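Thanks for coming. I will take a few minutes to go through one structure, and please keep it on screen while I talk.

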Amino acid sequence: MRGDHSGEVSAPTLRSEVVAVVGLGKIGLPLAVQYANHGRTVIGCDISAEVVATINAGKTHNFEEPGIEEMIAGHVRAKRLSATTDTPAAVGEAGVVVVIVPVLVNDAHDVDYRHIISASQSVGKGLKPGTLVMYETTLPVGTTRTLLRETLEEASGLKAGRDFYLAYSPERVSSGVVFRDLKKYPKIVGGYDAVSGAAAEAFYSSVLDADVIRMQSMDDAEFVKLIETTYRDVNIALANEYARFADSHGLDAYAAIAAANTQPYSHIHQPGVGVGGHCIPVYPYFLISGAGEDETALTLPRRSRIVNDQMADYAADRVERDLGKLAGAQVLLLGVAYRGDVRETAFTSARLLRDAFTRRGATIYASDPLYSDADLVALGYTPLPEEKKGEIQAIVAQAAHEAYKTYDLSQFPNCHTLLDGRNAFTPAQAAAVGMRYLTIGDGQESIR
């Protein structure tokens with residue numbers, strides 16, 4: 001049935017008054033609230049009994065979304081939102097099922113489908129005829145049509161396109177601003193067949209305030225998300241290449257990029273000390289996985305991943321040349337979160353920076369206003385003891401937390417160098433305490 005789009009079809013009548021959301025993480029929980037905001041009765045499903053109990057108590061484990069706790073409390077009181085660990089039972093009550101559980105890559109960059117296969121098996125066990133099942137997890141092209149469809153069919157005994165509707169619609173939101181993004185960005189959908197696509201389009205049109213764009217197939221919709229995410233990784237890698245060139249030629253990459261971007265066809269991103277998060281360092285590998293053994297395919301995404309991961313070593317080299325040596329030096333890493341003011345460390349560049357400085361013989365400490373010392377230890381970092389502040393010789397800013405705008409640098413009286421990898425500080429802050437201020441692409445390397 002894939003690719004069957006002969007003529008427009010009407011959306012089928014769904015039992016859409018009850019929606020099951022499978023996966024109540026940083027994106028799944030706000031989606032559940034969004035559907036409840038639009039009058040649906042929502043059953044959230046998660047393997048964590050703690051998460052389920054928290055939601056059923058009218059509370060949340062996700063404090064990054066403004067107003068979400070108040071919305072959850074109100075919906076729980078009104079019986080529009082509940083949570084359970086029994087996914088098959090919830091699916092059995094729902095007319096629409098939205099699945100958003102993680103798919104990751106391992107250290108060898110192989111795609112790990114275990115969580116989404118397990119979730120799909122649970123969905124299949126409760127699946128009833130006439131239900132619309134939609135996946136929002138970012139996936140390699142073809143995954144919904146093959147692996148996930150087959151998993152659902154095997155677990156349910158039903159057939160997609162005949163007994164139930166199947167669609168794919170990638171999430172396009174960021175942690176901390178999910179509700180804003182749901183209003184701002186068009187929703188991409190693709191169906192297993194024309195009727196499934198129409199059903200998905202109709203559902204999202206009823207629960208979102210943004211436009212809905214229907215693609216020809218689920219594969220096309222999966223491709224859209226991989227394109228937009230890989231574009232960002234490639235663009236950042238290009239900015240980092242510009243920055244390294246600027247450093248070696250005494251140029252200011254930031255000023256040059258800003259000037260270039262006044263031309264409407266130039267949209268260069270900002271250089272930095274690496275790329276972190278759930279998306280940008282991960283999803284290019286989903287795209288690359290579709291190329292199989294052909295290493296000549298997708299050469300730019302492959303190279304960009306290398307360039308961006310190498311920026312940690314480049315940062316360590318910059319600091320080492322500025323100090324004279326790193327062996328025996330005491331270095332403070334500011335910010336272990338992958339992004340400013342987001343309490344999340346997925347694929348954070350802080351890990352690569354920690355390892356790069358350690359390989360050069362430095363002792364590296366970590367500090368982050370979003371994490372306690374105990375949190376830092378659990379994440380594999382060494383918190384900075386109070387008595388060691390006077391021994392810090394260099395600081396590397398890895399996350400642009402708002403708190404750093406008023407951060408007291410005077411507590412490090414013997415610190416010579418501040419490498420600002422995220423434009424979290426200003427040159428004036430460093431100058432006020434006698435520190436040398438460096439950024440990636442400032443051009444100072446060539447004039448030393």
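Predicted model: local features only at pLDDT ≥ 70, side-chain atom pairs only at ≥ 80, totals over all residues.

As background, most residues other than glycine have a negative phi. Phe-347 has 27% relative accessibility and therefore counts as partly exposed.

Leu-298 is another case of this kind. Phi of Leu-298 is near 55°, again positive in a residue that is not glycine. Leu-298 sits in the loop between helix H11 (283–289) and helix H12 (299–309). Its relative accessible area is 30%, so Leu-298 is partly exposed.

Two packed helices are described by the angle between their axes and the distance between the axes. For helix H1 (residues 28–37) and helix H3 (residues 68–77), the angle is about 55° and the axes are 10 Å apart. That angle makes H1 oblique to H3. The crossing of H1 and H3 is left-handed.

Which residues make this contact? On the H1 side they are Leu-29, Pro-30, Val-33, Ala-36 and Asn-37. On the H3 side they are Ile-68, Met-71, Ile-72 and His-75. Sorted by type, the residues of the contact of H1 with H3 come to 7 nonpolar, 2 polar and no charged.

Now look along H3 itself. Ile-68, Ile-72, Ala-73, His-75 and Val-76 of H3 are buried. What do the buried residues of H3 pack against? They pack against H1, helix H2 (49–56), S3 and helix H7 (178–184).

Strand S3 covers residues 81–84, and Ala-83 is in it. Is Ala-83 buried or exposed? Ala-83 is buried, because its relative accessible area is 9%, and buried means under 20%. Leaving out residues up to four places away in sequence, Ala-83 touches Leu-24, Gly-44, Val-52, Ile-55 and Asn-56. Ala-83 and Ala-49 are 34 residues apart in sequence, and their C-alpha atoms are 9.4 Å apart in space.

The axes of helix H9 (residues 218–249) and helix H13 (residues 311–323) come within 12 Å and cross at roughly 20°. H9 and H13 are therefore roughly parallel to each other, since angles under 35 degrees count that way. Their crossing is left-handed. Asn-240, Arg-244 and Asp-247 in H9 meet Met-311, Tyr-314 and Arg-318 in H13. By type, this contact of H9 with H13 has 2 nonpolar residues, 1 polar and 3 charged.

The last topic is charge. Side chains of opposite charge can pair when their charged atoms come close. How many salt bridges does the structure hold? It holds 24. I will show some of them.

Start with Arg-214 and Glu-201, a salt bridge in which the closest N and O atoms are 2.7 Å apart. Arg-214 lies in strand S10 (residues 212–214) and Glu-201 in helix H8 (residues 194–207), so this pair ties together parts that are 13 residues apart in sequence. Arg-214 counts as partly exposed, at 25% relative accessibility. Glu-201 is partly exposed too, at 25%.

Arg-180 and Asp-181 also meet through their side chains in a salt bridge, with 2.7 Å from N to O. Arg-180 is partly exposed, with a relative accessible area of 44%. Asp-181 counts as buried, at 1% relative accessibility.

Asp-163 forms a salt bridge with Arg-162, and here the closest N and O atoms are 2.8 Å apart. Arg-162 counts as exposed, because its relative accessibility is 60%.

Finally, there is a network of salt bridges, which links Arg-149, Glu-150, Glu-153 and Lys-159. That is where I will stop.

Terms used. Residues numbered from 1 in each chain as written. Heavy atoms only, no water. Axes fitted to C-alpha atoms, helices over the stretch in contact; angles between N-to-C directions. Helix = DSSP H or I, 4+ residues; strand = E, 2+ residues; numbered from the N terminus. Parallel < 35°, antiparallel > 145°, perpendicular 65-115°, else oblique. Left-handed = near helix turned anticlockwise from the far one by under 90°. Contact = heavy atoms within 4.5 Å. Nonpolar A, V, L, I, M, F, W, Y, C, P; charged D, E, K, R; others polar. Salt bridge = Lys/Arg side-chain N within 4 Å of Asp/Glu carboxyl O. Buried < 20%, exposed > 50% of the residue type's maximum accessible area, 1.4 Å probe, protein only.
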